[in-house]
Amino acid sequence: MVDEKNENREIAIAVKNVCKVYKLYDKPMDRLKEALKLTRKQKYHESHALSDVSFDIRQGECVGIIGTNGSGKSTILKIITGVLNPSSGSVAVNGRISALLELGAGFNQEYSGMENIYLNGTMNGFSKEEIDARLQDILDFADIGDYVYQPVKTYSSGMFVRLAFSVAINIDPEILIVDEALSVGDVFFQAKCYHKFDEFKKMGKTIMIVSHDLSSIAKYCDRVILLNQGVKLGEGSPKDMIDDYKRVLVGQYELPESKSEQSLLHDADVQEAVQTRAAVQKRARTQEEQASKTLEYGTQEAEIEEIYLTDDRGTQTNAIIKGLCFNIHMRVRFHQDLPAPIFAFSIKTAKGTEITGTNTMFEKAFLEPVQAGAVKDITFTQKMSLQGGEYLVSFGVTGYEGNDFKVYHRLYDAIDVTVVSDKNTVGYYDMDSTVVVSDAGVSHSDKIIPYAKVQGE
């Protein structure tokens with residue numbers, strides 16, 4: 001469904017049919033010979049970092065780019081920011097860009113942090129007076145103390161990214177581009193940065209993020225672009241693209257020929273799998289309802305035949321009361337001998353943020369070989385501590401064969417579960433706290449529950 005409000009916004013970044021080709025030489029001498037035209041024979045082979053990539057980003061959007069290492073994520077950001085030129089295609093940018101690319105970009109390692117602040121500000125077109133006006137905000141956000149007067153080559157990676165991000169966000173950018181750099185910061189600094197992203201979005205500014213942190217991508221991005229081997233596999237909602245990315249990670253996809261603009265979720269083989277998935281679920285829903293949700297793939301050496309939930313009374317249901325125990329069930333049939341299959345489930349929000357999950361390897365519950373023809377019933381029992389709301393449950397049968405990780409069968413977003421609650425706290429789950437309020441100075445140690453009792457001992 002098209003977001004009309006978003007469609008009416010002006011385009012901030014337009015990428016049209018961009019290709020980036022590198023010439024790779026076996027020997028440095030071959031490069032010299034070709035440069036001096038001392039040979040007619042081609043001495044290089046081409047490496048395509050990007051192949052015919054196109055997309056538009058509108059003002060006020062927060063767009064994430066995901067993909068495996070070497071998929072072209074950083075290359076496209078460098079082309080957008082002008083660090084690299086495309087081999088073909090075009091990029092149009094409407095607005096002032098501030099970019100935080102790989103560590104070290106745009107900073108002189110011999111200069112102090114303070115000198116680099118003025119250097120970066122000048123490079124972005126600010127006068128000394130304008131930088132002076134922003135200096136205190138930069139220093140307060142970076143919060144690195146007197147280290148700002150030391151050469152940045154003496155900084156830790158965390159200190160460096162604090163200063164670099166602080167400079168990037170305080171030069172009044174209309175477009176902010178961040179390439180994975182925040183991953184080196186501590187959790188408190190990352191939280192502060194993502195809070196700043198929220199502020200930027202409310203101000204109508206455009207944000208592009210490259211990250212392997214899928215939870216952050218799902219939480220903060222309006223749209224996600226998936227790249228692999230220089231090709232755009234798709235773009236769409238964070239949930240859909242993250243599900244596709246997980247298929248890419250385990251090799252369960254086929255690179256579409258001449259269909260780089262098409263999402264894997266619309267490939268014919270995926271659609272066929274989605275349509276047949278309902279036959280293996282004993283659910284009180286129609287096939288059409290399930291086909292719109294579940295993504296299925298795997299080698300089919302093992303097959304998940306049945307999945308369902310039961311409450312604390314053993315009744316099959318999709319509504320669980322918070323605070324009570326419930327069970328997650330799966331039945332798996334094996335078509336091949338497998339050395340040590342791993343049974344797993346995970347729970348995510350409707351927007352695609354993974355919250356929790358476990359598997360039989362983590363729980364040390366089953367580490368045995370299984371023969372072809374065997375059928376296993378697996379039950380995970382736990383207390384429901386999630387906040388009231390709607391969630392999605394995914395299932396998987398995976399394993400290691402030697403050093404290779406294999407996916408035998410996965411069902412993403414296979415069951416939706418409603419958590420019924422009369423008390424919701426902050427965040428995704430309830431810590432089930434006990435609160436004691438007393439007059440100051442009055443001992444209430446007898447009212448504090450010992451740790452062992454909290455643990456149920």
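**Figure 1. Burial of phenylalanine 141 in the predicted model.** Phenylalanine 141 has a relative accessible area of 12% and is therefore buried (under 20% relative accessible area; exposed is over 50%, partly exposed in between; 1.4 Å probe, protein chains only). Phenylalanine 165 is also buried, at 0% relative accessibility. Residues are numbered from 1 along each chain as its sequence is written. In this predicted model local features need pLDDT of at least 70, side-chain atom pairs count only at pLDDT 80 or more, totals for chains, interfaces and linings use all residues, and side-chain values use heavy atoms, without hydrogens and water.

**Figure 2. Aromatic pairs, eight in count.** Rings of Phe, Tyr and Trp (its six-membered ring) pair if their centres lie within 6.5 Å; planes under 30 degrees apart are stacked, over 60 edge-to-face, the rest tilted. The ring centres of phenylalanine 141 and phenylalanine 165 are 5.9 Å apart with planes at 35°, so this pair is tilted. Because phenylalanine 141 belongs to helix 5 (residues 128-142) and phenylalanine 165 to helix 6, the pair ties together parts 24 residues apart in sequence (helices are DSSP runs of H or I, at least four residues, numbered from the N terminus). Ring pairs join Phe141, Phe165 and Phe197 in a cluster.

**Figure 3. The largest nonpolar core, with 49 residues.** Such a core is a set of buried Ala, Val, Leu, Ile, Met, Phe, Trp, Tyr and Cys residues joined through side-chain atoms within 4.5 Å. Ile66, Ile117, Tyr155, Leu163, Phe165, Leu176 and Phe197 touch the most other members. Helix 6 (residues 157-169) gives the most, nine residues.

Definitions and conventions:
Helix = DSSP H or I, 4+ residues; strand = E, 2+ residues; numbered from the N terminus.
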